[in-house]
Amino acid sequence: MLRQHRERQKKLLPLFSPELRATRMAFAKGLRDTFIIFTLVFWVSISFLYGSGYDSTRYIHEATTLFVNMDNSTEASSLSRMVVKAYDAPGLPTIFDQTGNKEFSSIAGIKDAVWRGDYWNAVVVNAGFGERLQGALQSGDSYDPTTAMTFYTEESRHYFKVAVVAKAVEAALTGVEPEFAKAMFVNAVGGNANETNAVIDRANPTALVRPYSYTVDNIAPYHFDMSMYILSVTLSLCMVVGSFIPSNMWKSIEEPFFKQVKITQIIALRFAINVIWAFIICLQATGIVFAFRGPSWSPSVGDFFAVFAIFLLNTFAFTFFIDCMQNWIHPKFLLGMYFTTLFVNIAGAMFGSELNSHFFRITYALPFFESGLMLRTLLTDGSYNKLKFAIPINILWSLLWWFISTFLIARKARLVKVGKMTMANVPPPPQPTEEEEHKIDETVGQAAVPAERLPQSSESLATLSIAGRKHETIYTPTTSASSAYLSESELPSSSDMISVRDSESPRDHANRRWHDQSQQHRYADTGHEEMSDIEIEDA
């Protein structure tokens with residue numbers, strides 16, 4: 001057994017043998033194409049991913065801050081002027097002073113404006129601030145500087161972008177504190193240096209040192225911590241990968257369907273499998289979200305179905321999109337297209353669109369962005385509610401890709417049936433023309449084979465096919481050895497192949513002949529012709 005193994009190994013060719021030159025060249029070409037494609041995919045995907053989240057402070061002026069002074073005191077007016085002036089510095093949102101606007105005359109109205117997403121945040125000077133400060137400075141009353149102002153924010157718009165804006169606003173508000181403390185001390189002394197000690201003695205020290213600060217009120221906290229946010233993105237990734245499965249499944253079973261089943265039935269079957277698989281994937285993803293939801297979120301049954309519906313719309317859009325690509329794109333570009341689409345959509349889900357460079361705001365239209373928006377609205381109990389835009393956009397994407405995929409499947413089925421396209425979305429190998437078929441037929445009978453090497457059935461129709469040579473013979477066996485022979489130079493060696501076929505029509509014979517020649521053209525560069533084993537098949 002070991003000896004047989006060694007003999008078989010001796011017959012194998014080494015990697016760099018001349019006979020394998022054509023094979024090595026074909027492998028190198030495929031390797032080159034794969035390297036180029038995936039290098040482009042890598043740079044496009046990484047560039048989009050990093051570009052979407054790069055330096056949001058460049059466009060932070062597009063964020064908006066609602067400012068309202070709800071206290072009519074002199075101290076509150078002085079603080080308001082300082083805060084509004086501080087927003088003139090670069091790297092801060094645009095401030096809108098709505099003091100006196102009846103729409104924002106109550107805390108509820110201000111919170112509602114931020115909750116709806118009309119403003120990124122709000123800064124409010126609280127009512128009674130001036131009176132409390134004066135009491136602390138003049139009578140030494142107890143004083144809490146954080147009651148002076150409230151900073152209202154929410155995280156449902158987008159966790160990362162809101163954090164960038166909130167950090168800039170808090171830095172500006174903190175920067176006002178020293179200037180306002182100095183102004184309040186000068187005002188308490190009244191320009192009389194002799195009163196300094198008296199003011200210090202009677203005033204509350206906290207009011208002198210820090211007459212103003214602020215409290216942060218996050219009216220729509222994001223329920224998931226960072227690990228859960230990453231998990232939610234990972235689940236979205238799993239949904240996209242899961243949507244590849246039904247499309248890839250067709251590679252092994254669609255050819256007989258395309259050639260033998262009605263086109264309408266093919267379309268209906270693909271649609272049914274895609275929908276069923278989307279339901280299965282989304283139920284699994286929803287179950288995982290609920291299993292690892294964390295202690296801060298207590299979802300209801302309605303939340304379960306809402307999350308399931310969000311995932312389902314997202315999966316439909318991607319499943320039908322991948323269906324389109326599979327029935328349109330050349331196979332060697334498919335995987336690169338999948339990865340590029342995946343990374344672009346993940347960038348939209350992770351970094352959003354607001355405050356991005358203008359090019360990267362195309363993520364507004366991506367299914368992942370809309371799904372992430374709907375998910376955040378759900379997890380924050382309805383804040384920044386853009387469902388009237390997000391739901392129709394994902395529905396339109398799903399319908400659009402389904403319609404296009406239906407058209408492409410029908411087109412491909414028709415072309416496959418008539419032999420104008422293969423299942424790999426490429427044209428079939430060229431077929432011989434009538435003139436070429438005629439030239440091939442002229443060679444029939446020009447070569448003979450020794451009778452002792454042929455089957456002796458008078459009813460057999462055989463074909464001699466010598467791989468790598470321009471010989472093919474249709475013959476009727478006879479008992480006379482002199483009537484069928486090859487010259488010594490043309491005699492097939494033991495590595496030649498002779499195949500006998502019954503009832504082969506002239507056109508089938510010509511097509512097979514053309515195919516054999518096209519398969520052997522790659523050996524032309526080697527300087528010699530390949531030979532294969534002689535094989536005789538009786539009818």
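The following legends describe close-up views of a predicted model.

View A. Arg32 and Asp33 form a salt bridge in which the closest N and O atoms lie 3.1 Å apart. Asp33 also meets the side chain of Lys332 in a salt bridge, with an N to O distance of 3.6 Å. This second pair links distant parts of the chain, since Lys332 belongs to helix α12 (residues 331-351) and Asp33 to helix α2, 299 residues apart. Asp33 counts as buried at 16% relative accessibility, whereas Arg32 is partly exposed at 46% and Lys332 is partly exposed at 40%.

**View B. The salt bridge between Glu154 and Arg157.** The side chains of these two residues meet at 4.0 Å, N to O. Glu154 is buried, with 0% relative accessibility, and Arg157 is likewise buried, with 5%.

**View C. A nonpolar surface patch.** Phe35, Ile36 and Leu40 form this patch, and together they have about 340 Å² of accessible area. Phe35 lies in helix α2 (residues 21-52) and is exposed, with a relative accessible area of 60%.

View D. Phe368 is located in helix α13 (residues 367-379). Its relative accessible area is 2%, so Phe368 falls under the 20% limit for a buried residue. The C-alpha atoms of Phe368 and Phe311 are separated by 9.6 Å, although the residues are 57 apart along the chain.

**View E. Packing of helices α10 and α14.** Helix α10 (residues 263-291) packs against helix α14 (residues 387-417) at an angle of about 135 degrees, with the axes 10 Å apart. The angle makes α10 oblique to α14. Their crossing is right-handed.

Technical notes: Residues numbered from 1 in each chain as written. Predicted model: local features only at pLDDT ≥ 70, side-chain atom pairs only at ≥ 80, totals over all residues. Heavy atoms only, no water. Patch = residues over 30% accessible without salt bridge, like charges linked within 9 Å, V, L, I, M, F, W, Y side chains within 5 Å. Areas by Shrake-Rupley, 256 points an atom, 1.4 Å probe, with all protein chains shown as cover. Helix = DSSP H or I, 4+ residues; strand = E, 2+ residues; numbered from the N terminus. Buried < 20%, exposed > 50% of the residue type's maximum accessible area, 1.4 Å probe, protein only. Axes fitted to C-alpha atoms, helices over the stretch in contact; angles between N-to-C directions. Parallel < 35°, antiparallel > 145°, perpendicular 65-115°, else oblique. Left-handed = near helix turned anticlockwise from the far one by under 90°.
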